[in-house]
Amino acid sequence: MTAEIRNDVIVATERIEAPPEVVFPYFTDPALIVTWIGDLAELDPQAGGVFSLDMGQVTAHGAYITVDPPYRVAFSWGIPGSCTLPPGGSTVEVVLTPDGDGTMVVLTHRGLRAADIGTHRAGWEHRLGLLRVAVGLGGPEYLTPSAAERRHAR
Amino acid sequence: MDERKQPAPVAPDAVLRALADPHRRQILRLVQHAELPAGQIAASFTLTQQAVSQHIGVLSQAGLLTERREGTRRLYALNHQALEPVRELLSEFWPDALRRLKKAVETAHPRPPKRQP
């Protein structure tokens with residue numbers, strides 16, 4: 001696994017011990033996508049079809065841009081009601097390349113502005129809370145104001 | 001000894017906390033490309049000037065704003081550097097998700113054991 005950020009583009013890669021034909025539906029089948037991201041999904045995997053992923057307090061919403069099984073899928077990614085990361089504001093492109101018996105997954109997230117990037121964070125359960133912060137829906141309890149912030153708020 | 005105060009390194013969590021407020025993010029957007037005095041920032045909000053000052057204070061403490069005095073005015077601008085540590089954390093979001101994907105796929109589709117030649 002590697003990840004890097006270039007000019008507000010995030011590139012993440014992972015090798016999976018299964019062919020692209022097996023991996024691809026994990027980006028298009030609601031029952032499969034929630035095994036690795038989100039709790040509930042509404043997916044219409046065709047160009048222009050809805051891509052909606054309920055991740056607890058936050059729903060990522062967008063539309064499929066490209067659905068080219070089993071090698072390439074792209075969708076827009078944003079949060080309804082968020083002015084920093086509106087639906088359609090950024091795009092996620094996934095390219096699946098056969099690699100021996102397995103698949104190389106290359107995920108590229110484009111269109112994140114610096115301020116938005118600053119508001120994302122990950123790590124999963126723990127980081128999901130920070131993602132909520134990212135998208136302006138408030139944070140979990142552990143993100144209570146620091147002492148310094150409380151002083152300020154007085 | 002150098003007596004100048006170096007800005008204290010700010011933990012990503014402090015930056016995230018500062019960002020966890022729509023008004024504060026709006027302030028950052030206002031000063032992203034232009035230096036603005038507090039009064040002009042406050043004029044963009046329906047909040048009281050005091051409330052806006054508090055938000056500016058939180059952002060400053062998190063290192064997200066630079067402050068420059070010009071006469072009696074204080075001018076604020078976004079300190080892009082302060083976003084760097086958080087930007088690094090963001091880089092973990094998709095890799096973590098892909099690790100979960102790998103686990104999900106490989107658990108559901110285990111490889112048959114390799115035959116010995």
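Q: Hi! What stands opposite B:Leu36 in strand 3 of chain B?
A: That's B:Tyr76. This is a predicted model, where local features need pLDDT of at least 70 and side-chain atom pairs count only at pLDDT 80 or more, while totals for chains, interfaces and linings use all residues. Residues are numbered from 1 along each chain as its sequence is written, and chains are lettered from A and ligands numbered from 1 in the order in which they are written.

Q: How many bridges join strand 1 of chain B to strand 3?
A: There are 2, and these strands run antiparallel. Strands (E, at least two residues) and helices (H or I, at least four) are DSSP runs, numbered from the N terminus.

Q: And what's the strand order in that open sheet of chain B?
A: It goes 1-3-2, with antiparallel pairing; two strands pair if DSSP finds at least two bridges between them. Strand 1 (36–37) and strand 2 (65–70) of chain B are at the edges with a single partner strand each, so one side of each has no neighbour in the sheet.

Q: New topic: which residues are buried in helix 2 of chain B?
A: B:Arg24, B:Arg25, B:Ile27 and B:Leu28. Buried means 20 or more other C-beta atoms within 10 Å of a residue's own, with C-beta atoms placed from the backbone.

Q: Last one: what does A:Phe75 touch?
A: Leaving out residues up to four places away in sequence, its contacts include A:Phe51, A:Tyr64 and A:Val92; contact means C-beta atoms, placed from the backbone, within 7 Å.

How values were computed
Buried ≥ 20, exposed ≤ 12 C-beta atoms within 10 Å, placed from the backbone. Contact = placed C-beta atoms within 7 Å.
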